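Me: Could you take a close look at one part of this model for me, the packing inside chain B and the backbone around it? I'd like one connected walk-through.

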Amino acid sequence: MKITVDLDKCQDHGQCAIAAPVAFRMNDEGNLEYETTVEDSYLDEVEEAADVCPVQAILIGQA
Amino acid sequence: MAGHVVVVGASLGGLRAAEQLRAAGHDGPITIVGEEIHLPYNRPPLSKDVLADAGDDDVERLHAGLVFRRRASIDDVEFLLGRRAVASDLVARTVSLDDGTTLAYDGLVVATGLRARRLPLPGPAAGRHVIRTLDDALGLRSAIRTTATAVVIGAGFVGCETAASLHRLGIRVTVVDPFPVAFERALGPLLGGAIQRHLETAGVRFRTGTGVVSYTGSHAISGVTLDDGTTVSAGLVVEAVGSACNTEWLAGNGLDLSDGVLTDNDLRVLGVDRVVAVGDIARFPNALFGGDPRRVEHWSMPTDTAKRAATTLVADLAGAPVAAAPFAPIPSFWSDLLDLRLQAFGSPALGDTAVVESGDLDHLADGVLVTYLREGRLVGNVAVNLPPVRQRALRDAFLLPVS
Ligand SMILES: Cc1cc2nc3c(=O)[nH]c(=O)nc-3n(C[C@H](O)[C@H](O)[C@H](O)COP(=O)(O)OP(=O)(O)OC[C@H]3O[C@@H](n4cnc5c(N)ncnc54)[C@H](O)[C@@H]3O)c2cc1C
Ligand code: SF4
């Protein structure tokens, strides 16, 4: 699946990195880094990350 | 699994319940009833970005920026918006709406959340605001253009966030609260006091330890009178004095509605079959904090409770057993106050002792960690301006039951 984060919205809450470390990571500067494509088998985790983002910045699309 | 599920309440809890019903295998029809005319949207920005937003007051534009992504699995779900449930018969399994229609259900999800409490004080209606809904926030947005002064009643999160937002817009704001320090109940006097001082240094005024006894003004609010006899002038007042549970439509069914709706650990409403509750309204025992049922008014809870409640309802509709593992969600909340970002895990309000683990309370912006203990055991932690990379460890401190 494809992942897009609206970086204008993202406020570096880091909740996504707790829910789906496979796709999202907070770097040492406190900013989000993420994978734009991950295997479909991780869909549950990635959907959970999208659910828990307080500013709803994460979009999931078909690969 | 077929059968019609009715969800009452179309906010975060109702939306996530519908999505999680699908994820748990429910493929029958779902109807979501919501009093507001808007599709489910995100409330936290109402006291933050929505007030600060410099654009026009077009409700569609603002709603578009807040509306929740909806999973494709609920594309066939029917939303009945702008309609309110007014009564229910949980034995006959029906819900009555304000337009006279009656919905029959096989399973019911209670997701009606809270409404803002208003102060029972006489005085003009014009200039009195609350913030719970988008329409409330819009009302406040348009009012702040024509005022230079405001009083916020209530120094909790919604009150202080609103005060911080108004301050940023150049309005002279005074926060009034009968408690001695801001955030006293949620964070305790140590951290609460430090945040209050931080906001005061930035220019937000506080009158704590005193309550509002009356409003002044004849056609519109011109200020408030405090219980020590002093007055504070204000072009508008925001009442941020807590909330009331939307349970009236459940009355007459013999439920415990003394504080929200009482459920078991699987979110089943006690005393009836095939009814679950989610979100701010659900009073459930969290296995993490022993057996006392509590409501938790945090944004993370509707999503967590919806997942468990949906699994429970699908199992009950099928007459199947539910998962054996106890439900023990880790509460988490955040708040943005000027240059401070708070991130909390656990339940700081349950603590009897607060300990500064790192940082200096007089320099909150540089990063502070406070932990909360109850009878010596960790029950909560609050990070102020700490890098998000540390959050996982702070959250993982609660992976085992704390009492
Ligand atoms: C201004 C503000 C700022 C916030 N900021 C934060 C924050 O920074 N961090 C945080 O963790 N949490 C925050 N929260 C809390 C968070 O928004 C709530 O926990 C969350 O909205 C709860 O969702 P819910 O679906 O349970 O209930 P609600 O959002 O209250 O939704 C209930 C819905 O049910 C509808 N309804 C009620 N009665 C009926 C009826 N009889 N028939 C039909 N529909 C009905 C209501 O109209 C409403 O739309 C904030 C809340 C507010 C108001
Ligand atoms: S949870 Fe949302 S806001 Fe936070 S880092 Fe992830 S995408 Fe950004």
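Reply: Happy to. Let's begin at a loop of chain B: E375(B) sits between β25 (368-374) and β26 (377-384). Keep in mind that this is a predicted model. E375(B) is not a glycine, yet its phi is positive, about 50°. Most residues other than glycine have a negative phi. With a relative accessible area of 73%, E375(B) is exposed.

L338(B) lies in the loop joining β22 (332-337) and β23 (340-346) of chain B. Its relative accessibility is 16%, so L338(B) counts as buried, the cut-off being under 20%.

L342(B) belongs to the largest nonpolar core, which has 61 residues; together with L187(B), L191(B), I195(B) and L364(B), L342(B) touches the most other members. The biggest contribution to this core, six residues, comes from helix α4 (residues 134-144) of chain B. Another core lies apart from it, with 54 residues including V95(B), V275(B), M301(B) and A306(B).

Finally, a helix worth checking is α7 (residues 300-318) of chain B. At 1.5 Å a residue, its 19 residues should span 27 Å, and the end C-alpha atoms are 28 Å apart, which agrees. Of those 19 residues, 14 are buried, so α7(B) is largely enclosed by the rest of the structure. G319(B) follows α7(B), with a positive phi near 65°.

Definitions and conventions
Residues are numbered from 1 along each chain as its sequence is written. Chains are lettered from A and ligands numbered from 1 in the order in which they are written. This is a predicted model: local features need pLDDT of at least 70, side-chain atom pairs count only at pLDDT 80 or more; totals for chains, interfaces and linings use all residues. Side-chain values use heavy atoms; hydrogens and water are left out. A nonpolar core is a set of buried Ala, Val, Leu, Ile, Met, Phe, Trp, Tyr and Cys residues joined through side-chain atoms within 4.5 Å. Buried means under 20% relative accessible area, exposed over 50%, partly exposed in between (1.4 Å probe, protein chains only). Helices (H or I, at least four residues) and strands (E, at least two) are DSSP runs, numbered from the N terminus. The expected span of a helix is 1.5 Å times one less than its number of residues.
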